[in-house]
Amino acid sequence: MASDWSKFSAATQMVHGGTLRSQFGETSEAMYLTQGFVYDSAEAAEARFKGEEDGFIYSRYANPTNEMFEQRMCLLEGAEAARSTASGMAAVASALLCQVKAGDHVVAARALFGSCRWIVETLMPQYGVETTLIDGTDPTAWEQAVRKNTKVLFFESPTNPTLEVVDIQHVVGVARSVGAKVVIDNVFATPIYQKPMELGVDIVVYSTTKHIDGQGRCLGGVVLASEEWIDENLHDYYRHTGPAMSPFNAWVMLKGLETLPLRVKSQTATASKAADFLAERSEVKRVIYPGRPDHPQANVIPKQMKGGSTLLCLELKGGKKEAFAFSNALKVVKISNNLGDAKSLITHPATTTHKNLTPEARAELGISDGTLRLSIGLEDEADLLNDLDAALSATR
């Protein structure tokens with residue numbers, strides 16, 4: 001299916017790509033809400049389990065609705081193969097754990113979502129995998145951290161929540177020097193604005209819970225890579241450990257992909273305006289947004305991103321007290337730890353998503369008690385700016 005739509009733009013691919021129609025010729029993709037499948041004969045079942053006959057066996061392995069979603073994601077990402085997972089963290093865990101063993105070494109940027117950092121810092125060492133956390137924005141840190149037994153380099157770009165940008169091509173070059181694979185969490189950039197595989201990345205992961213669903217309905221994740229890597233590394237892990245996505249959730253994700261380009265472009269345009277508005281306010285200590293000339297990695301962004309982000313990071317001068325007062329005063333923007341939603345959402349990382357880090361670790365990441373992550377939704381731009389204005393005034 002991927003080849004049929006590969007010459008079209010993303011907007012067209014996200015409406016039509018990967019679609020499998022039943023004998024009924026339905027317009028909307030069918031939801032195959034089934035655990036298993038029926039065979040015409042015992043011989044057919046045997047042939048399918050042997051791999052001698054194409055077809056589905058069990059929805060933990062593969063499902064027609066999931067396959068449509070995976071094929072559509074492959075078109076969008078420029079990947080050969082994909083596996084959908086029950087959550088974004090299932091995608092991250094699968095992508096990392098399926099390719100390492102005791103005695104291997106993993107290098108990761110320290111600016112990671114809390115659960116991702118737990119996998120690197122806590123879980124992997126329990127199984128004998130050595131790990132090193134570095135400042136991902138420092139090119140020399142990657143070079144100094146790799147070893148002969150380094151198997152994986154892992155990072156987010158832009159990062160959660162401070163939207164740091166890692167030089168993808170540099171990391172890929174370092175990985176090639178030791179024969180390691182590169183895994184990137186591309187959620188904050190979205191596949192609309194950043195194509196990591198075009199820059200040499202081996203494995204791309206998403207929490208599809210975020211922009212791909214885009215309306216706060218379902219959990220999901222996806223791992224994208226070459227057919228060879230998935231066959232050699234992920235296939236058996238996925239089949240036997242069971243991180244598969246529900247067919248219902250896969251159907252929801254398919255519907256989300258239809259509007260992904262429209263939503264992301266609209267949200268990004270508003271996010272850029274919000275970032276500029278907030279940067280001018282006296283209550284705000286700093287704003288971090290990809291595309292602004294004062295972004296710490298402004299020289300790297302044009303090399304790998306085609307647009308900004310639907311998210312921005314701001315730091316209020318008054319610390320936690322002012323951050324809470326600002327958040328509580330918002331009417332349109334809602335307090336939540338999710339992102340990429342049709343609704344604008346604000347998060348206080350120090351007390352939620354990154355609360356398990358030590359104060360020192362948060363400080364290393366640039367997360368203060370006054371730091372807030374703002375995910376822009378689809379509300380009217382003027383309504384959002386007025387809401388931000390009124391909430392800032394309420395903190396005085």
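## A nonpolar patch

Phe248 is partly exposed, with 37% relative accessible area. This is a predicted model. Phe248 sits in helix α11, which covers residues 247-279. Together with Met31 and Leu33, Phe248 makes up a nonpolar patch on the surface. The accessible area of the three residues together is about 280 Å².

## A negative patch

Charge gathers on the surface too. Glu80, Glu227, Glu228, Asp231 and Glu232 form a patch of negative charge there. Glu80 belongs to the loop between α4 (64-77) and β1 (81-85). Is Glu80 buried or exposed? Its relative accessibility is 56%, and the cut-off for exposed is over 50%, so Glu80 counts as exposed.

## Helix α4

Helix α4 has 14 residues. From its first C-alpha to its last, α4 reaches 20 Å. That is close to the 20 Å expected at 1.5 Å a residue.

How much of α4 is buried? Twelve of its 14 residues are, so the helix is largely enclosed by the rest of the structure. Among the buried residues are Met68, Phe69, Leu75 and Leu76.

The whole structure holds 18 salt bridges. One of them joins Arg72 and Glu29, with the closest N and O atoms 2.7 Å apart. This pair links distant parts of the chain. Arg72 is in helix α4, while Glu29 is in the loop between α2 (10-16) and α3 (42-50). The two residues are 43 apart.

Both partners are buried. Arg72 has a relative accessible area of 0%, and Glu29 has 5%. The pair is part of a network of salt bridges that links Glu29, Arg72, Lys255 and Glu258.

## Two other salt bridges

Lys50 and Glu46 meet through their side chains in a salt bridge, at 3.6 Å from N to O. Both lie in helix α3, four residues apart, so about one helical turn separates them. An α-helix has 3.6 residues a turn, so residues three or four places apart point the same way. Lys50 is exposed at 54%, and Glu46 is partly exposed at 46%.

Asp202 pairs with Arg176, and their closest N and O atoms are 3.3 Å apart. Asp202 is buried, at 17% relative accessible area. Arg176 is partly exposed, at 42%.

Technical notes:
Residues are numbered from 1 along each chain as its sequence is written. This is a predicted model: local features need pLDDT of at least 70, side-chain atom pairs count only at pLDDT 80 or more; totals for chains, interfaces and linings use all residues. Side-chain values use heavy atoms; hydrogens and water are left out. Patches are made of residues with over 30% relative accessible area and no salt bridge: like charges are joined within 9 Å, nonpolar side chains (Val, Leu, Ile, Met, Phe, Trp, Tyr) within 5 Å. Accessible areas come from the Shrake-Rupley method with a 1.4 Å probe; for residues, only the protein chains shown count as cover. A salt bridge is a side-chain nitrogen of Lys or Arg within 4 Å of a carboxyl oxygen of Asp or Glu. Lys and Arg count as positive and Asp and Glu as negative; His and the chain ends are not counted. The place of a charge is taken as NZ of Lys, CZ of Arg, CG of Asp or CD of Glu. Buried means under 20% relative accessible area, exposed over 50%, partly exposed in between (1.4 Å probe, protein chains only). The expected span of a helix is 1.5 Å times one less than its number of residues.
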